[in-house]
Amino acid sequence: MVHIRDLALPDFPLLLAPMEDVSDPPFRAVCKANGADLMYTEFISSEGLIRDAAKSRKKLDVFDYERPIGIQLFGSDVDTMGECARISTLAGPDLIDINYGCPVKQVACRGAGAALLRDIPKMVQMTSAVVKATHLPVTVKTRLGWDENTLNVEEVAERLQDIGIEALTVHGRTRVQMYKGDADWRLIAKIKENPRIKIPIFGNGDIDSPEKALEYKNRYGVDGIMIGRASIGYPWIFREIKHFVATGEKLAPPTVEERVAMCRMHFEKSIEWKGERSGILEMRRHYAQYFRGLEGAKQWRMRLVDTYSVDEVHAILAEISAAEPVLVG
């Protein structure tokens with residue numbers, strides 16, 4: 001088993017990446033149903049939480065069926081991050097995670113997320129403040145470095161372990177790369193091979209198939225992997241990887257009935273958590289992925305994104321199931 005302090009995960013756990021406007025409770029529910037071992041909230045702005053912004057407060061919602069679940073925080077002020085760790089602890093997660101990896105301008109250019117890779121002393125100070133502010137395990141997600149000239153994640157791993165973090169996830173790109181090019185896991189492997197490193201090391205970046213998951217497990221020796229974009233509209237990626245790693249055999253892709261049932265579950269959770277109008281609107285970004293590759297998928301999607309009626313969404317999903325469209329790509 002893999003341990004994050006007293007939190008026991010199975011061998012080679014699969015983690016759901018925190019993704020803004022994606023990994024909310026409805027999405028986490030379908031990923032958990034398909035085998036995600038550890039999940040995280042969308043990342044939460046420490047400044048927004050301190051201001052008691054409704055959107056930030058709403059992201060603190062965690063549910064027992066999601067466990068184990070971590071709340072992820074980001075910010076640029078050391079004291080504010082410590083205070084937000086205390087607030088987040090009261091929400092009852094299993095751990096607190098710090099985002100030192102988000103590359104988008106709105107975050108990094110304000111001194112948060114991946115920006116801290118250019119100021120390791122401040123990163124250490126901020127992490128220490130969070131560790132001291134909570135009794136929960138603290139973990140970190142970061143990148144290889146700011147750019148190719150500052151690949152400092154090995155130093156980051158040692159220094160953050162020394163001040164008390166209990167697991168580290170590394171995305172195999174620099175901030176400058178954003179999400180372009182191929183993720184490079186070689187530095188992630190070097191961290192894992194470092195005899196000083198005792199905490200679990202999880203790899204992230206480009207895992208989009210069971211074959212790649214097993215290949216990277218064997219090649220880079222990580223304790224587990226974090227999956228992000230590949231799970232959007234395809235939560236079955238978790239069960240497929242688990243089965244392939246355990247048996248070497250590929251599972252059949254989800255049937256039309258399974259796709260409709262999972263989409264329906266996601267939709268119902270979205271209505272339950274967000275309310276009818278917001279639940280309908282925000283679910284629209286997921287339909288294309290749920291029905292990707294099915295014959296007639298475009299017409300189904302266009303109808304789904306054009307309606308404001310809960311009953312009509314259910315009716316269209318029933319039509320898709322009854323039509324039994326074939327997989328064409």
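This is a predicted model: local features need pLDDT of at least 70, side-chain atom pairs count only at pLDDT 80 or more; totals for chains, interfaces and linings use all residues.
1. Residues are numbered from 1 along each chain as its sequence is written, and side-chain values use heavy atoms, with hydrogens and water left out.

2. **The overall fold.** The chain has 14 helices and eleven strands; helices (H or I, at least four residues) and strands (E, at least two) are DSSP runs, numbered from the N terminus. Its radius of gyration is 20 Å, close to the 20 Å that the globule rule gives for 329 residues, so the chain is as compact as a globular protein of that length. That radius is taken over C-alpha atoms, and the rule is 2.2 Å times the number of residues to the power 0.38. Along the principal axes, the C-alpha atoms fill a box of roughly 60 × 45 × 35 Å.

3. Of the 329 residues, 56% count as buried; buried means under 20% relative accessible area, exposed over 50%, and partly exposed in between (1.4 Å probe, protein chains only). Among contacts (heavy atoms within 4.5 Å) with a separation of 6 or more, 69% come from residues 24 or more positions apart.

4. **Helix 11.** Helix 11 covers residues 256–274, which is 19 residues. From first C-alpha to last it reaches 26 Å, close to the 27 Å expected at 1.5 Å a residue; the expected span is 1.5 Å times one less than the number of residues. Its buried residues include V256, M262, F267, I271 and W273, and also R259, H266 and K274. After helix 11 comes G275, with a positive phi near 90 degrees.

5. **T80.** This residue is found in helix 4 (residues 78–89). T80 is buried, with a relative accessible area of 17%. Leaving aside neighbours within four places in sequence, T80 is in contact with S46, E47 and I50.

6. **M178.** Here we move to the loop between strand 9 (168–171) and helix 8 (186–193), where M178 lies. M178 is partly exposed, at 27% relative accessible area. Apart from neighbours within four places in sequence, M178 is in contact with P103, V104, R143, H171 and R173. How far apart in space are M178 and C102? They are 76 residues apart in sequence and 8.6 Å apart in space, C-alpha to C-alpha.

7. **Backbone points to check by eye.** A cis peptide bond joins R67 and P68, with omega about 0 degrees. P68 lies in the loop between helix 3 and strand 6 (69–74). D52 has a positive phi near 65 degrees in a residue other than glycine; D52 is in the loop between helix 2 (46–50) and helix 3 and is partly exposed, with a relative accessible area of 47%. D206 also has a positive phi, near 75 degrees. D206 sits in the loop between strand 10 (201–204) and helix 9 (210–220), and counts as partly exposed at 21% relative accessibility.
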